[in-house]
Amino acid sequence: MDFKDQLIMRHPDLTKVEDIKLPEGYRIHAYEPSMKERWTEIVVSAFDEPYDFDDKTARPKWSPDRLFFVEIDGEDVATAMSYEHWDYPGEGFLHMVGTDKKAKGKGAGRIATQAVLCWLRDHGIKTCILSTDDFRLPALHVYYSLGFRPVMNREDMPERWKKVYENIGIDADPLEEQA
């Protein structure tokens, strides 16, 4: 994965991640082989482009117990996974957080993200990174609210992060908050 054009965020202390409180009708579960097609449907709905499951899971230290689904009233509607990224050894990497369009705004993506963070925390991993795009404002707001902070990895990042903060209503200086 090439991060050169994406924003990077880091959660600096996974020991501070709180356990998940599920709303009624919600359930979290790990991936099972029969769910490959549903994963693809969710991420196509979320990102409006196809993704290859086998490519996304052919990562260092990826395993099925690191891929989570959020179910609402019996239907899987969101997913998120983690693995160890080769550029960031020892850190968790949050990847492919996606919510089916029909479940947008119901908190399923947030819960899927929390499931990954709790898994990482419970397995002794202390920090987590992610990469995302400037236009994914709802996701950026969720990541920020869960404790992720900007990584200033290029010259243009301070200005890009200032715009993101303005667009999602964060009254802080991203340079002072960088992870």
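**View 1. Pairing of strand 3 and strand 4.** Six bridges join strand 3 to strand 4 in the antiparallel sense; two strands count as paired if DSSP finds at least two bridges between them. Strands (E, at least two residues) and helices (H or I, at least four) are DSSP runs numbered from the N terminus. The model is predicted: local features need pLDDT of at least 70, side-chain atom pairs count only at pLDDT 80 or more, and totals for chains, interfaces and linings use all residues. Residues are numbered from 1 along each chain as its sequence is written, and side-chain values use heavy atoms, with hydrogens and water left out. Val70 has Ala78 of strand 4 as its bridge partner. Two residues lie between the strands of this hairpin, where Asp73 takes a positive phi near 50°.

**View 2. Strand 4 and strand 5.** These strands run antiparallel and are joined by six bridges. Thr79 stands opposite Gly98 in strand 5. Nine of the ten residues of strand 4 are buried, so the strand is largely enclosed by the rest of the structure. Buried means under 20% relative accessible area (1.4 Å probe, protein chains only).

**View 3. The largest nonpolar core.** This core has 38 residues, and Leu94, Phe148 and Trp161 have the most contacts inside it. A nonpolar core is a set of buried Ala, Val, Leu, Ile, Met, Phe, Trp, Tyr and Cys residues joined through side-chain atoms within 4.5 Å. Elements giving it two or more residues include strand 4 (75-84), strand 5 (92-99) and helix 3 (108-122). Helix 3 gives the largest share, nine residues.

**View 4. Surroundings of Phe148.** Leaving aside neighbours within four places in sequence, Phe148 is in contact (heavy atoms within 4.5 Å) with residues including Met9, Leu94, Leu117 and Tyr143.

Terms used
Buried means under 20% relative accessible area, exposed over 50%, partly exposed in between (1.4 Å probe, protein chains only).
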